[in-house]
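Hi,

Here is the structure I said I would pass on.

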Amino acid sequence: MSQQVTAPTHRLVPSPAGRIHLVEQGTGPLVLLVHGFPESWYSWRHQLPVLAAAGYRAVAVDVRGYGRSSRPGDTGAYRMLDLVEDNAAAVHALGEQSAVIVGHDWGAAIAANSALVRPDVFRAMGLLSVPYAPRGGPRPSEVFARMGGDEEFYVSYFQESGRAEAEIEPDVRGWLAGFFAALSADTMPGPGAPAPYFVSRGGRLRDRFPADRLPAWLSENDLDVYAGEFERTGMSGALNRYRNMDRDWEDLARFAGAPITQPSLFIGGGMDAPTTWMADAIDAYPTTLPGLVSSHILDGCGHWIQQERPAEVNRLLTDWLASLPS
């Protein structure tokens, strides 16, 4: 079905941390869209009007720590269970009892855990870029510390409060431009170039970013939007998500090995690192996602899936949503 689409509306709704900023468009069944790092609700700008036209109430949130949502000062306030409850609070603040949740990057992990922990609220789940892998294995910090050999994996680099901020905040716009380019299909470093996910000892993450070019999907205006938000808020709220991975591992122990049974969708990028790093997780979907409706790898697509390939993603999303029980 298709319906006339009104302009998107910005709202602040209450959450356990104080408030969640969200942008909504359309009427119908609720679809909650959750962004990743280092993004905002704006990452879903291509999906909001299309989902609204298809007969859904599309709502993109600023995750806790981002944009106009609350930014608690305590690093521990960014643990996964808190973000799950933020999502449930947003659904209820919108006057709904249930929703479909769709996430990209960190938003995919947040969406997966929302469906796992609150199946009473989240009736279906879509994941972009990062596959679902049940909680298990060694403590995450130990895993990341072993990656990279003489170099430091970016997740480990992000762990110390203030360290990555000192690299990023003096030139937020330039850093974001390089980070977006490093993970985009048309601008990422070529085969044989040093991987942008690792930091040389004593170096910076941005040392390996492409310089002086933007990916085709990112206009100067788009970059201004992202940079303007982080110049205003700083980076700590966003980076604190990485600093809670060990806490999450402890908090979610009761869900070790648990499948997610709701109807689900996965879309990965053929040139996106998680598709390779987590290939075993994708292969395990018959066990870990028994409700999987469809799984897709977009050839020639990088990490920023819904922005690099909006038409394809919109088609896959609307087809999947139409298949769900009402």
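By the rule used here, there are two cavities of 30 Å³ or more. A cavity is a set of points, on a 1 Å grid over the protein atoms alone, where a 1.4 Å probe fits but cannot get out; a pocket is an open set with protein on both sides within 12 Å along at least five of seven lines, and lining residues have an atom within 4 Å of a point. Grid points are joined across faces, edges and corners, and a volume is the space filled by probe spheres set on the points.

This is a predicted model, where local features need pLDDT of at least 70, side-chain atom pairs count only at pLDDT 80 or more, and totals for chains, interfaces and linings use all residues. Residues are numbered from 1 along each chain as its sequence is written, and side-chain values use heavy atoms, with hydrogens and water left out.

The largest cavity holds about 80 Å³. Val63, Tyr66, Leu83, Ile110 and Arg241 are the closest to its centre, out of 14 lining residues.

The second largest cavity comes to about 60 Å³. Its lining includes Val63, Leu83, Asp86, Asn87, Ala90 and Ile110. Helix α2 gives the most to that lining, four residues (helices are DSSP runs of H or I, at least four residues, numbered from the N terminus).

As for the largest pocket, about 1,300 Å³ of space lies there. It has 47 lining residues, with Val130, Ala133, Phe144, Met245 and Met278 nearest its centre.

Cheers

Notes: Helix = DSSP H or I, 4+ residues; strand = E, 2+ residues; numbered from the N terminus.
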